Amino acid sequence: MSRPQQPAGSATHQSLSLHVATVAGIPIRIHFTFFLFLAWIGFSGGTNGGVSWSLFLVAVFFCVVLHELGHALVAKRLGVTTRDITLYPIGGVAMLEGRPKPKQELWISLAGPAVNLVLAVLIALVIVLVEGSFPRLDLGMQHSSFLTQLWIANVMLAVFNMIPAFPMDGGRVLRAWLGLRMAEARSTQIAGGIGQGLAIILAVTGLRTQSFVLVLIAIFVFVGAAQEISGTVTRSFLEGHILADVMLTRFRSLTSGESLDTAANLMIHNAQHAFPIMNGDEVIGLLTRSQLAQGLTEDGPTGYVARWMLRDFKVAGPNDPLEQAVDRFSQADPSPILVMEEDQLLGILAMENLSEFIMLENAKARRVQPTQRRI
Ligand SMILES: [Zn+2]
């Protein structure tokens, strides 16, 4: 189903989900809301076949896992890492690391729906063998056998996901196909616009036929497209820039023997959020805001910075592309990157520097050229 590519938020979804299996090195997790959903279906079904309905849903979600594995395994073959696969009541999410190129995205996005098509063909073959006739696409599903219902679910999963609108796979296929011909920001805007147009048609149809589900899907599609467009436009501001363009070059560092109180005072008076810890000319650690706070709580102001600094800090070169650096900030690890050339510390890049840079680039891009200005 949908596959957000930003690692942001991964900490929260990891802590609220249960790791159930690992396939080809990819952890598969189930979000706690999924268990609530299953329990609710089981109980609310009551005498009305609740348990068999739950079993059917488990079977459908097994197919959804295979769909996500389709994305993840093709991604792996093309050199794109999948952080994990998480199951939510609305479907599965395969979290990719970094951003695939249009050609990679095209194949990765097609792989999920292709899995459901293959499953549909296999299930249809079993139905023909067992029941003697080809299944009918009866969407009411009440009178169909378990296998026929599963066949319908897979046909629907393939068709629904190929709708050319974000966050469905079809939207990504469209963006990737356009992306082979034009810049990413442009292709996302066009694909997102088409998705939003479809969402409006869906919403109007839903309102006219009083179908609440259709209106909900329309809102889901509309918001998904808007997020994808703004994310890509933001990213396009980073294109062509290197770390040296954005990094903090005037900063204070501390030595390992200094106290947490010294660090706290510097943070207040210099508005610097992290301090490199030096031993002579060598960087031996990084004291971040959260490390400092934790140290003050446990050791008090006289504690040493050396006890609380991160020894395993992020390092990048001044000429590294900014787009790569962005992927190294996540909710789980928002700590700044130290920009170094050989062993020499040149600057610091924190998330705050990046968001200020994006804000200023955005302001420049919005400036109306004098010749275009209306009188
Ligand atoms: Zn998918």
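User: What covers the buried residues of α7?

Analyst: This is a predicted model. The cover over the buried residues of α7 includes α6 (169-179) and α8 (212-238). Among those buried residues are Ala185, Ser187, Thr188, Ala191 and Gly192.

User: How do you know that the span of helix α7 agrees with its 25 residues?

Analyst: Compare two values. At 1.5 Å a residue, α7 (residues 184-208) should span 36 Å. Its end C-alpha atoms are 36 Å apart, so the span agrees. After α7 comes Gln210, with a positive phi near 55°.

User: What makes Phe56 and Phe146 an aromatic pair, and why is the pair called edge-to-face?

Analyst: Ring centres must lie within 6.5 Å. Here they are 6.1 Å apart, so the two rings pair. Edge-to-face needs planes over 60 degrees apart. A search of the whole structure finds one aromatic pair.

User: Which parts does the pair tie together?

Analyst: Phe56 lies in helix α3 (residues 50-77) and Phe146 in helix α5 (residues 146-161). The pair therefore ties together parts 90 residues apart in sequence.

User: Why is Phe56 called buried, and why is Phe146 called partly exposed?

Analyst: Buried means under 20% relative accessible area. Phe56 has 4%, so Phe56 is buried. Partly exposed lies between that cut-off and 50%. Phe146 has 44%, so Phe146 is partly exposed.

User: How do you know that Gly347 is buried?

Analyst: Its relative accessible area is 0%. The cut-off is under 20%, so Gly347 counts as buried. Gly347 is found in strand β10 (residues 344-349). Leaving out residues up to four places away in sequence, Gly347 touches Met247, Leu248, Phe251, Ile337, Leu338 and Val339.

User: Why are β1 and β4 said to stand at the edges?

Analyst: The open sheet has four strands in the order β1-β2-β3-β4, with mixed pairing. β1 (17-23) and β4 (91-96) each have a single partner strand, so one side of each has no neighbour in the sheet.

User: How do you know that β2 and β3 pair?

Analyst: Pairing needs at least two bridges. Three bridges join β2 (residues 26-31) to β3 (residues 82-88), so they pair. The two strands run parallel. In β3, Ile85 stands opposite Ile28.

Technical notes. Residues are numbered from 1 along each chain as its sequence is written. This is a predicted model: local features need pLDDT of at least 70, side-chain atom pairs count only at pLDDT 80 or more; totals for chains, interfaces and linings use all residues. Side-chain values use heavy atoms; hydrogens and water are left out. The expected span of a helix is 1.5 Å times one less than its number of residues. Buried means under 20% relative accessible area, exposed over 50%, partly exposed in between (1.4 Å probe, protein chains only). Contact means heavy atoms within 4.5 Å. Rings of Phe, Tyr and Trp (its six-membered ring) pair if their centres lie within 6.5 Å; planes under 30 degrees apart count as stacked, over 60 as edge-to-face and the rest as tilted.
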